[in-house]
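Colleague: I have a model open on my screen and would like to learn how to read it. Could you take me through the features one at a time?

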Amino acid sequence: MKISKRARYFLSVIFTVLGFTLAVILNSVVPQKADVTFSQHEVFGLALTSNDAYRIVLYALIIYYLITGIIYYNYEDRRKKYLNSARFRFVMGILLFLWDLLGTKLQVLPQPFFPGPAGIMEAFVAEGDYVLQNTIYSLRLYFYGFVIGVATGIITGILVGWFPRVRYWLSPVMNVLGVIPAVAWMPFALTIMPTAFSSAVFLIAVSVWGLVATLTSTGIMSTPKTRFEAGRVLGGNEFYLVFHVAIPHALPQIFTGITTANGYAFTTLVMAEMMGQPGGLGYYINASKVWSAYYKVFAAIIVMAILFSLITKVIELVQRYVLRWQKGVVK
Amino acid sequence: MSDAFLKISDVNRIYEDEDNNSTEALKDINLEVNKGEFVSIIGASGCGKTTLLRLIAGLDKPQSGYLSLHGEKIIGTSPKRGYVFQQGGLFEWLTVEQNIAAGLKARHIYKENKHRIPEFIDMVGLNGFEKSYPHQISGGMAQRVAIARTLINDPELILLDEPMGALDNFTRADLQDKILEIRKSQNTTMILVTHDIDEALYLSDKIVIMTPRPGRISEIINVDMYHPRNRNGHDYVNLRNKLLEKFHLASEVKEPEYII
């Protein structure tokens with residue numbers, strides 16, 4: 001019984017990498033359709049074509065899944081997850097296989113709109129530095145905008161949630177501003193902010209602020225009366241009730257606000273970059289589109305996918321740590 | 001001038017709702033509690049027993065009359081008057097240990113007192129659960145945390161608002177013994193609100209019977225029995241029967257009839 005279970009697992013490791021292996025074989029064996037040539041570029045001191053780079057990515061995936069597959073054998077949780085992902089990863093490999101075949105090898109897909117995987121790698125191989133530079137620009141914009149938006153949102157939310165007088169004046173403002181998409185402020189932002197960068201920071205912050213503020217204030221206001229009474233009979237003053245009772249109680253809601261606002265921030269970031277920034281992935285897409293360099297557009301989209309999922313993951317980890325006291329979060 | 005530890009004189013508390021209907025939650029309440037006494041307040045729901053406890057805690061104010069603790073008028077809450085809530089009222093975001101330390105933090109005396117935390121964890125028998133969060137422990141354990149959290153403030157008076165109301169019978173009996181044990185070692189005055197006659201009888205020196213609409217004290221009964229009390233002992237059963245009788249009588253007479 002035990003042996004068959006082990007055999008099944010190792011078969012699934014093979015299955016996981018099978019799709020990618022087929023993709024590599026296809027890429028190496030099937031000849032290129034005539035008129036396409038890949039020029040060589042210096043990458044980390046190596047002369048590579050974008051097709052080489054694509055193949056390196058495939059090799060890397062195969063090696064990564066093989067190694068993690070072997071390591072995870074000893075960890076039950078991870079092993080189960082790995083087993084569960086096997087089918088998906090196999091299909092991913094097959095899709096790369098088909099994409100390469102149709103996009104690059106046979107050029108069935110209309111060009112230049114749908115380049116093959118190797119074509120997209122061209123953007124990284126030929127101007128990797130420039131892509132990186134734009135990625136960092138986006139990341140900086142996002143970071144400043146998001147942090148400022150979350151911080152001001154939490155502060156506003158606490159004031160609105162705690163002081164009825166502040167609530168009276170601010171909550172209508174929050175309700176009205178909350179429904180306006182942040183990008184609507186763009187012309188205004190470009191006028192009042194000193195630099196293009198700070199105007200985008202402002203827009204991202206605005207897109208995040210409203211939602212975080214609203215949810216923070218609801219979280220504060222929904223604190224059960226007995227929690228406050230408990231705080232008072234234990235000897236807590238108003239400061240204690242705000243910072244040790246109301247805010248901790250509001251944390252789950254604050255995080256709901258942050259994770260939702262995170263999505264808004266991405267949208268605003270890309271739109272702001274496409275409409276008036278000297279850099280960033282949105283800018284890169286726009287600039288490439290003008291030259292019909294659709295492979296660069298795809299490259300930027302792939303970078304965004306990776307970057308935004310990483311950011312979301314980081315937020316999720318922070319949330320899981322901060323809310324470790326919640327039911328179902330701790331094992 | 002009375003030398004009673006806790007003195008409640010002519011207290012009235014009337015609630016008004018939005019339609020200006022007023023409910024007399026407490027009417028002409030007079031009660032004295034001596035230091036070190038264990039007093040239970042029993043009565044049907046709506047008799048104002050929790051309102052009275054909240055007034056003593058300073059969580060609520062009377063319309064007329066006054067309450068004093070060793071001669072000082074009760075205004076607002078104080079850590080000297082500990083309060084154990086019906087459902088514990090623990091802070092879900094703090095561990096057992098942090099919940100117990102909450103009072104020290106709130107009073108800014110955490111650093112010089114944190115060495116006392118293990119003593120209180122030990123007192124309520126929660127060793128090994130220091131790092132657990134409230135949702136990970138049982139209802140009985142949560143109530144013990146709530147008691148320890150109150151005790152660490154060295155209160156002169158502990159107010160217990162049906163702390164055992166939501167517990168099963170075994171857990172309840174267990175917690176009752178724990179409360180007696182703590183009371184013996186700390187010699188704290190305790191006032192318990194309950195609707196369980198047996199619980200009142202098992203724990204108290206004095207039982208205050210209240211009746212609803214308007215909420216008033218109908219009778220005060222002294223219980224002169226040694227601890228631990230045998231729940232099936234002769235005196236105990238006799239007193240329980242007497243109490244049941246009075247209690248039913250008391251609530252039946254005053255119960256208004258509703259005709260819809």
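Colleague: How many helices and strands does the secondary structure of chain B come to?

Modeller: This is a predicted model, in which local features need pLDDT of at least 70 and side-chain atom pairs count only at pLDDT 80 or more, while totals for chains, interfaces and linings use all residues. Residues are numbered from 1 along each chain as its sequence is written, and chains are lettered from A and ligands numbered from 1 in the order in which they are written. Helices (H or I, at least four residues) and strands (E, at least two) are DSSP runs, numbered from the N terminus. By that reading, chain B has nine helices and 10 strands.

Colleague: What does the same rule give for chain A, and what radius of gyration does chain A have?

Modeller: A compact globule of 331 residues would be near 20 Å, but chain A has 25 Å. Chain A holds 11 helices and two strands, and its C-alpha trace spans about 75 × 65 × 35 Å along the principal axes.

Colleague: Which domains does the assignment give for chain B?

Modeller: Domain bounds come from an automatic or database domain assignment. In chain B, domain 1 covers 6-80 + 157-254 and domain 2 covers 88-154. Their C-alpha centres lie 25 Å apart.

Colleague: How many residues of the two domains of chain B are in contact?

Modeller: Two residues are in contact if their C-beta atoms, placed from the backbone, lie within 7 Å. Here 12 residues of domain 1 of chain B are in contact with 13 residues of domain 2 of chain B. On the domain 1 side, helix α7 (residues 169-186) of chain B gives the largest share, six residues.

Colleague: Is B:Lys184 buried or exposed?

Modeller: A residue is buried if 20 or more other C-beta atoms lie within 10 Å of its own, exposed if 12 or fewer, and partly exposed in between, with C-beta atoms placed from the backbone. B:Lys184 lies in helix α7 of chain B, and it is exposed because 10 other C-beta atoms lie within 10 Å.

How values were computed:
The radius of gyration is taken over C-alpha atoms; the globule rule is 2.2 Å times the number of residues to the power 0.38.
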